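Here's a quick briefing to read with the model open beside you. We'll start with a pocket and then move on to some helices.

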Amino acid sequence: MNTQTSNGTASAYLAAIAYALIIGFSFMFVKLAIQVANPLDLLAHRFSLSFLVLTVPVIAGWLPFRVQRQDLLRLLPLGLFSPVLFFMFQTFGLVTTSSSEAGIIQATVPVFTLIMATIFLKERTTLLQKLSLLLSVGGVVFIFAMKGGAQLSTANIIGIALITLSAICFAAYGVLARPLTQKYAPLEITYVTLGMGFVIFNVLAIGQHLIEGTLPEYARALTSPVALGAIAYLGIASTLITTLLSSFALSRLQASKMSVFSNLSTLVSILAGALLLQEEIHYYHIIGAVAIVLGVLGTNWRTRHIRRSSKSGVRPSKMS
C-alpha cells in the first residue's frame, strides 16, 4: 500500500514537472506564431483545434459530460476570464513584450489570486503573506524600472500592461472556479470554456477580416509550417494535455505544492526566450524573477504550515 502511494506521489510530481515545462515553452510558441499570423487568427485556430479534439471523446461517450443548459449560465463568467480575456490579453501583449518578460509577469498569478481571495472570499492573510505580496509586486516593478526609458517604449508599456491584465484575469478565473469545481469535473469545465473560446475567437477573427475585406487571410496561418507547429503545440499540449496533467497532479498533491511547480514555468520561459529566441536576459530579470518566486512561496507558506501542524496533531487556527 505504501509502495502504491509512493508511486502515485512520484507520478504526480512528474506530471507537475511536465505541466510546468509545457506552460514555460508556450510563451515562446505564441511569440513565434504571431510573427507570421494575426493574433486573433492564431487564437481562433488554437481554440478550434482544442475544442474539436476534445469534442471527439465527448460525442463518443468516452468523456462523461453532465452539464445542462442551465449550468452554462454559471460557467459563462468563468469562460469570459479564461480563456477569452486571459488569452486575448496574453497574445496581444506578446506582440510587443518578450516571452521571458511575459513568463516573469505570469508568475504573479498566485499573488493576484490571494488578493482576490482575500477581498471576495474573505480569506485571512498573515503578515508574512502581505510582505510576500509586496515582494512579488516589487520584483515586477524592479525589472521594468531597471529597463529604463531607453528600452521601455510606449508599445512595450502597453504589452506589459496587457500581460499583467492576463495574469489578473487568470487569477479571477481561479477564484471563480473554486466553488464550481465542487459541482463539475475539471474536464467538463474545460470543455465548456474551450467551446466559449472557440466561438468568440472565431467570430472576432472572421468579423475583423470581413470588415477589412481580407477574409482569405483567415487561413494564411494554416499555410505556415511555423504557425501550424505553434497552433498544434498551443492547442493540444498547452491546453488539453496541461489540463489533464494538472488535474492528475492535484488529485495527489496539495494545491500549494502544485503552485510551487507552476513557478518552474517562469524559469523555463526565461531560458527558452534566451536560448531559442535570442532574447536578452539581464541581471535584473534574474533578480526580479527570484523576488517574484520567493514572494509566491511566501504567500503559500501559511497553508503548508497549517497542514503540517494538523497532521502532527496540533489543531490549526480557524481560517475564514
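What volume does the second largest pocket have? In this predicted model, the volume of that pocket comes out at about 200 Å³.

- Two helices, H11 (264-275) and H12 (283-311), each supply at least two residues of the lining.
- Sorted by class, the lining has 11 nonpolar residues and 2 polar ones, with no charged residues.

**Helix H8 and what comes after**
- H8 runs over residues 186-212, so to speak a 27-residue helix.
- From first C-alpha to last, H8 reaches 39 Å, close to the 39 Å expected at 1.5 Å a residue.
- Gly213 follows H8, and its phi is positive, near 70°.

- Two packed helices are described by the angle between their axes and the distance between the axes.
- Take H3 (residues 69-93) and H7 (residues 154-180): their axes come within 8 Å and cross at roughly 160°.
- That angle is over 145 degrees, which makes H3 roughly antiparallel to H7.
- The H3 and H7 crossing is left-handed.
- H2 (residues 39-60) also packs with H3, at an angle of about 135° and with the axes 10 Å apart.
- That angle makes H2 oblique to H3.
- The crossing of H2 and H3 is right-handed.

Notes: Residues numbered from 1 in each chain as written. Predicted model: local features only at pLDDT ≥ 70, side-chain atom pairs only at ≥ 80, totals over all residues. Heavy atoms only, no water. 1 Å grid on protein atoms, 1.4 Å probe; cavity = no way out; pocket = protein on both sides within 12 Å on 5 of 7 lines; lining within 4 Å. Points joined across faces, edges and corners; volume = space filled by probe spheres on them. Helix = DSSP H or I, 4+ residues; strand = E, 2+ residues; numbered from the N terminus. Nonpolar A, V, L, I, M, F, W, Y, C, P; charged D, E, K, R; others polar. Expected span 1.5 Å × (residues − 1). Axes fitted to C-alpha atoms, helices over the stretch in contact; angles between N-to-C directions. Parallel < 35°, antiparallel > 145°, perpendicular 65-115°, else oblique. Left-handed = near helix turned anticlockwise from the far one by under 90°.
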